[in-house]
Amino acid sequence: MNEATTMIQKFAAAVVFLLLFCLNASAQATQPWSQNTSPLPAPTGPVNDYAGVLDAATVSQLNQKLIAFRDSSGVELAVAVVKTTGERPIFEYSLAVARGWGIGSKEDDNPSGLLFVAIDDRKYFTQISKDLEDELPDGLVGSLQRQYLVPEFRKGNYSKGISDTIDAYIRTIESKGSGTAPPAARSTEPASNGNSGFPTLFCCLIIVIILLVIIFSNRGGGGRGSGGGKKDWGGGFGSALPWIIGSAINSSSSSSSSDWGSGWSSGGSDWGGFGGGGDFGGGGAGGDW
């Protein structure tokens with residue numbers, strides 16, 4: 001009787017834990033979306049790779065290049081790479097990142113841009129601030145991306161595609177500033193926007209653990225070992241339940257952190273953070289590959 005009561009208490013505690021966990025996840029998922037708040041963690045440098053697709057050498061070189069370009073021109077450019085934007089269209093997601101990170105100076109003249117890529121969605125968008133639209137108008141931004149980014153992305157060369165596109169942006173801005181003609185760009189493909197969903201893994205994982213506990217508990221209800229001693233299936237799993245749940249959550253959290261927090265900070269020591277402007281009005285262009 002005592003053993004049965006103990007098992008019921010452990011099962012009840014597990015159910016309560018599951019409910020609390022799902023309620024917390026639901027509360028986070030239903031928080032109101034703000035177009036001025038970044039859904040991504042704080043940046044660690046001009047280039048932030050949350051999908052882990054860029055090599056360290058490229059990230060380091062891009063960070064140094066973008067910092068030097070900011071210091072020499074006053075134009076702040078940034079790169080963000082994620083796996084997916086979930087159910088949110090990439091235009092809205094990237095605009096929230098550009099504004100939330102405060103890319104660009106707080107001064108009246110604050111030219112800035114964000115090249116944003118969602119790998120699993122196979123989509124990209126470059127947000128252009130109001131003070132950079134003269135140098136990088138929407139049509140030209142789209143053409144440069146289709147010329148330099150799309151071909152390399154289709155070959156899986158994400159580092160080269162992003163690096164070449166950033167170089168094209170810098171050359172264009174510098175040429176506009178010097179009065180020379182910008183580099184030619186081929187316009188061969190239409191741009192498009194879209195979105196993609198992702199499963200709520202955490203709740204599913206917890207539910208599977210609870211089901212396993214129930215199954216093994218039922219198996220151990222009247223079973224006996226070969227030596228005549230009763231096998232304490234339920235007790236064994238019940239006592240291990242906190243450890244199992246904790247391990248599962250830590251594993252999921254580590255995976256999530258790896259997916260969303262693997263941005264490189266190479267070159268960030270001289271960076272000092274974005275300027276705090278975030279003056280983006282929806283200018284720019286995007287598409288897919």
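Q: Which side chains does Asp164 meet in a salt bridge, and what is the N to O distance?
A: This is a predicted model. A salt bridge is read from a side-chain nitrogen of Lys or Arg within 4 Å of a carboxyl oxygen of Asp or Glu. Here Asp164 pairs with Lys160, N to O at 3.0 Å. The two are four residues apart in helix 5, so about one helical turn separates them. Lys160 is partly exposed, at 42% relative accessibility.

Q: How many salt bridges are there by this rule?
A: The count comes to seven. One of them joins Asp167 and Lys65, whose closest N and O atoms are 2.6 Å apart. Asp167 belongs to helix 5 and Lys65 to helix 2, so this pair ties together parts 102 residues apart in sequence. Lys65 has a relative accessible area of 32%, which makes Lys65 partly exposed.

Q: Where in the chain are Lys130 and Asp279, the partners of another salt bridge?
A: Their N to O distance is 3.7 Å. Lys130 sits in the loop between strand 4 and helix 4, and Asp279 in the loop between helix 7 (233–260) and strand 5 (280–288); the two are 149 residues apart. Both partners are partly exposed, Lys130 at 48% and Asp279 at 27%.

Q: What span does helix 2 reach, and what is expected?
A: One compares the distance from first to last C-alpha with the value expected at 1.5 Å a residue. Helix 2 (residues 56–73) has 18 residues and reaches 25 Å, close to the expected 26 Å.

Q: Which residues of helix 2 are buried?
A: Among them are Val59, Leu62, Leu66, Ile67 and Phe69, and also Asn63 and Arg70.

Q: Which residues have the most contacts inside the largest nonpolar core?
A: In soluble globular proteins, nonpolar side chains tend to be buried together. The largest core here has 34 residues, and Leu77, Val81, Val117, Leu136, Ile162 and Ile166 have the most contacts inside it. Elements giving two or more residues to this core include helix 2, strand 2 (76–82), strand 3 (112–118) and helix 5 (158–178). Another core, of 20 residues, lies apart from it; Ala78, Val82, Ala98 and Trp271 are among its members.

Q: What does Ile162 touch, not counting residues up to four places away in sequence?
A: Ile162 touches Leu54, Leu62, Val79, Val81, Leu115, Val117 and Phe153.

Note on methods: Residues are numbered from 1 along each chain as its sequence is written. This is a predicted model: local features need pLDDT of at least 70, side-chain atom pairs count only at pLDDT 80 or more; totals for chains, interfaces and linings use all residues. Side-chain values use heavy atoms; hydrogens and water are left out. The expected span of a helix is 1.5 Å times one less than its number of residues. Buried means under 20% relative accessible area, exposed over 50%, partly exposed in between (1.4 Å probe, protein chains only). A nonpolar core is a set of buried Ala, Val, Leu, Ile, Met, Phe, Trp, Tyr and Cys residues joined through side-chain atoms within 4.5 Å. Contact means heavy atoms within 4.5 Å.
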